[in-house]
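These exercises concern the surroundings of two ligands. Work through each task before reading its solution.

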Amino acid sequence: MLQKYCFKGAPPIQQTLAMRKYLSFYRNLMDSEEPIYFAVGLLPCYRLWVWLGNTLNTPPTNAYYTWKVENMGKKEFERISKREVKVPGLLIMKDVSIAKSEFVEGEKAVTKLQDYQEDPELFRYCTLPQILKYVECFTGPNIMAMHTMLINKPPDTGVDLFGPGKKTSRHPMHQDLHYFPFRPADRIVCAWTAMEKVHRGNGCLVVLPGSHHGTLQEHDYPEWEGGVNKMYHGVRNYAPDHPRVHLEMEKGDTVFFHPLLIHGSGMNQTKGFRKAISCHYASSDCYYIDVNGTTQENISNEVKELAVKKYGADSVSFQDTWALRGRLVQGERTSM
Ligand SMILES: CCCCCCCCCCCCCCCCCC(=O)SCCNC(=O)CCNC(=O)[C@H](O)C(C)(C)COP(=O)(O)OP(=O)(O)OC[C@H]1O[C@@H](n2cnc3c(N)ncnc32)[C@H](O)[C@@H]1OP(=O)(O)O
Ligand SMILES: O=C(O)CCC(=O)C(=O)O
């Protein structure tokens, strides 16, 4: 363990007065009280770790970076999934194959946290300098975090929980620009970070290289027998023989991609959940467009319907749903 945390030899740490007091407090508690008091006594420590994690600027080269990423983001995901914290505006989405099941609970029932921008712990991802330094190359200095997701791709093997291999964990091939009523496309970029090793077996991202040089295509629900998740539209026509690249990634690896890039993800054939966190950024100098009469009208209607149903916002426009959710992460909020 000492080696794992990069200690060389026995650490020459001497107890200070404060440390002695701290330890003797716990020792007394253990000696004189029921075990539950000890557990309660440790609670400030639980809060302290989170505070330390948030306060320390730990770059990916630091030996504790992986530990921190693993413990902070995943812990917050668990707390949200168990409804221990309630985050304003956040949608907790279940996979379509289990949406109506009462038997799957907690984090196993959650396929995606949509719009986590009001959760300080998760939103810290969108503000990481290590990410923003690349984002800025696309957006310029005024940066908005427009769309945030933590994706918990469920197993789709047909084992116990999810029925006989419905393949609903797949994400159809699509272009993210289909969802966005703002332009120009070249000032929008997605950062997608693997929260664990992702590979073909657990449904890594699949991309059609070069497709971002094309135009926005018509999207709709694919005709999948096992059902399709809400708003998982796919490109209607793309050349089936177009070369594909599977993005196999290590935990913490991040890919940045253009909103016209045709991409999706495969089915998760493992028994574990495949987690990734993402943010779509746009320059705050972008401008909103009217999508009525365009191929984006179908998604615009679905999003407005959802805004009415979930938030009672019946006069909200498609553009407003984005303006309300967008958060400035760097520079000035000029037009978005
Ligand atoms: C003012 C601010 C406004 C904010 C608006 C927010 C807009 C979100 C916009 C998303 C933009 C996405 C941009 C993405 C770009 C990247 C590409 C994607 O990820 S693309 C993908 C992006 N797409 C999204 O992220 C979708 C966003 N999520 C949602 O829309 C909701 O989670 C929900 C409606 C699917 C379920 O709400 P929930 O409260 O849990 O459920 P209920 O109990 O209310 O049940 C209602 C009915 O829905 C059924 N049902 C349940 N689950 C599913 C399912 N998975 N599939 C299908 N159906 C499902 C359920 O069985 C019931 O049916 P019935 O009994 O009435 O027959
Ligand atoms: O994480 C995935 O499985 C797919 C995510 C995706 O396609 C997207 O964020 O646009």
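**Exercise 1.** Determine which element gives the most to the shell around ligand 2, and describe that shell.

Solution. Strand 3 gives the most to this shell, with 3 residues. Strands, of at least two residues (E), and helices, of at least four (H or I), are DSSP runs numbered from the N terminus. The model is a predicted one, in which local features need pLDDT of at least 70, side-chain atom pairs count only at pLDDT 80 or more, and totals for chains, interfaces and linings use all residues. Residues are numbered from 1 along each chain as its sequence is written, chains are lettered from A and ligands numbered from 1 in the order in which they are written, and side-chain values use heavy atoms, with hydrogens and water left out.

Next, list the shell, where a residue counts if one of its heavy atoms lies within 4 Å of the ligand. Around ligand 2 are M149, I151, K153, H171, H174, D176, W192, L205, H263, S265 and R274. By class, these are 4 nonpolar, 4 polar and 3 charged residues. Here Ala, Val, Leu, Ile, Met, Phe, Trp, Tyr, Cys and Pro count as nonpolar, Asp, Glu, Lys and Arg as charged, and the others, Gly among them, as polar.

**Exercise 2.** Find which side chains make polar contacts with an oxygen atom of ligand 2, and at what distances.

Solution. A polar contact is a pair of N or O atoms within 3.5 Å. For H174 the distance from a polar side-chain atom to a ligand oxygen is 3.0 Å. The side chain of W192 has an N or O atom 3.1 Å from an oxygen of ligand 2, and for the side chain of H263 the value is 3.0 Å. Alone, ligand 2 exposes 290 Å², of which the protein buries 97%; areas come from the Shrake-Rupley method with a 1.4 Å probe. Elements giving two or more residues to this shell are strand 3 (143–153), strand 4 (171–174) and strand 12 (263–265).

How values were computed: A polar contact is a pair of N or O atoms within 3.5 Å; within protein, one must be able to donate a hydrogen and the other to accept it, and residues adjacent in sequence count only if both atoms are side-chain atoms.
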